[in-house]
Amino acid sequence: MEMLIINKIYDYYIMVLSATDCHGNAVRVLCSDDGKLETQSNNPSSNILLTSSSGVAVYADTQPVPTVDGNNRLGWLYKKTIANADKFNYYFYSQGSHPVLLGDLRSLVADVAIDNWQSSASVPFFVIYTKPTGVGDSGAWYHSKCAYAVDSSKNILLGEHINLYCINKPKCTHNGNRDIELTTVINTGECLPTEEILTIALHSDSAAPINTQVLVSNIGYELNNNNQVYFNLIT
């Protein structure tokens with residue numbers, strides 16, 4: 001972020017702030033209530049259409065299937081309509097040209113709004129699954145899984161768009177939402193930094209009560225080498 005003094009009027013300086021996001025694009029600079037400056041990027045990497053083959057791959061075994069929001073908000077709306085173990089599972093990582101290790105991840109982030117609060121089970125959580133090795137695997141199709149969930153001290157308003165994140169705060173804020181860290185870590189297996197990632201998912205809790213309703217608008221991850229991927233979930 002750069003600050004340029006362009007004039008002096010009545011002993012006051014007029015300043016112009018300019019900044020770029022992690023893609024190198026010019027972005028707006030936002031000032032929070034406590035005086036902190038953050039950048040706002042409007043350039044997520046990709047769109048994922050709910051009805052496309054990519055969309056089906058992302059929500060996979062989700063029951064019931066996410067829908068368009070009745071209030072015309074951007075994103076995928078999930079509503080639990082039966083008192084059972086139904087939940088959503090949004091898988092948003094597959095390997096590209098090179099494997100990504102657990103230790104390569106800098107941040108996971110999701111832009112969500114929670115429309116019906118009954119307990120911390122109303123809040124989605126991240127899970128990272130690593131590739132099975134055939135030795136000491138913790139699951140039938142993964143070696144380890146590392147979960148990041150909310151703790152009960154977090155203050156979340158109904159319908160408020162928030163950024164749920166874990167590991168580290170994302171470097172590029174592209175929406176101006178309030179950031180809420182998922183600080184409860186539950187590891188199954190070794191979860192070593194050298195393990196290769198199989199997939200990453202944002203899950204809702206199967207124990208969430210009926211009428212749990214969550215809107216997810218954007219989801220993504222950042223790596224320590226500054227590579228990043230964000231997805232707009234569109235309908």
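Me: Why is threonine 212 called buried?
Reply: In this predicted model, threonine 212 has a relative accessible area of 3%. Buried means under 20%, so threonine 212 gets the label.

Me: Where does threonine 212 sit, and what does threonine 212 touch?
Reply: Look in the loop between β14 (197-203) and β15 (213-223). Leaving out residues up to four places away in sequence, threonine 212 touches Tyr78, Lys79, Lys80 and Ser122.

Me: How do you know that the sulfur of cysteine 166 is too far from the closest cysteine sulfur for a bond?
Reply: That closest sulfur belongs to cysteine 146, and the gap is 9.7 Å. A disulfide needs the two sulfurs within 2.5 Å, so this pair is too far apart for a bond. Across the model, the rule gives a count of zero disulfides.

Me: What makes cysteine 166 and cysteine 191 buried or exposed?
Reply: The cut-off for buried is under 20% relative accessible area. Cysteine 166 comes out at 0%, so cysteine 166 is buried. Cysteine 191 has 15%, so that residue counts as buried too.

Me: What makes tyrosine 59 and tryptophan 76 an aromatic pair, and which kind is it?
Reply: The search of the whole structure turns up 10 aromatic pairs. For tyrosine 59 and tryptophan 76, the ring centres are 6.1 Å apart and the planes stand at 80°. Pairing asks for centres within 6.5 Å, and planes over 60 degrees apart count as edge-to-face, so this pair is edge-to-face.

Me: Which parts of the chain does that pair tie together?
Reply: Tyrosine 59 belongs to helix α1 (residues 53-59) and tryptophan 76 to strand β6 (residues 76-79), so the pair ties together parts that are 17 residues apart in sequence. Tyrosine 59 and tryptophan 76 are both buried. Ring pairs also link Tyr59 and Trp76 with Tyr78, Phe88 and Tyr90 into a cluster.

Me: How do you know which kind of pair phenylalanine 92 and phenylalanine 126 form?
Reply: Their centre-to-centre distance is 6.1 Å, with 65° between the planes. The angle needed for edge-to-face is over 60 degrees, and phenylalanine 92 with phenylalanine 126 is an edge-to-face pair. The pair links distant parts of the chain, 34 residues apart: phenylalanine 92 is in the loop between β7 and β8 (105-114), while phenylalanine 126 is in strand β9 (residues 125-130).

Me: What makes β7 and β13 edge strands?
Reply: The open sheet has five strands in the order β7-β14-β9-β10-β13, with antiparallel pairing. β7 (89-91) and β13 (184-188) each pair on one side only, and that makes them the edge strands. Neighbouring strands of this sheet are turned against each other by 20° on average, ignoring direction.

Me: How do you know that β7 and β14 pair?
Reply: Two strands pair if there are at least two bridges between them; β7 and β14 have three, in the antiparallel sense. Histidine 203 in β14 is the bridge partner of asparagine 89.

Me: Why is glycine 55 called buried?
Reply: Glycine 55, found in helix α1, has a relative accessible area of 0%. The limit is under 20%, so glycine 55 is buried. Its contacts, not counting residues up to four places away in sequence, are Ile48, Leu49, Leu50 and Trp76. Glycine 55 and threonine 235 lie 9.5 Å apart, C-alpha to C-alpha, with a separation of 180 residues in sequence.

Methods
Residues numbered from 1 in each chain as written. Predicted model: local features only at pLDDT ≥ 70, side-chain atom pairs only at ≥ 80, totals over all residues. Heavy atoms only, no water. Helix = DSSP H or I, 4+ residues; strand = E, 2+ residues; numbered from the N terminus. Buried < 20%, exposed > 50% of the residue type's maximum accessible area, 1.4 Å probe, protein only. Contact = heavy atoms within 4.5 Å. Axes fitted to C-alpha atoms, helices over the stretch in contact; angles between N-to-C directions. Phe/Tyr/Trp six-rings, centres within 6.5 Å; stacked < 30°, edge-to-face > 60°.
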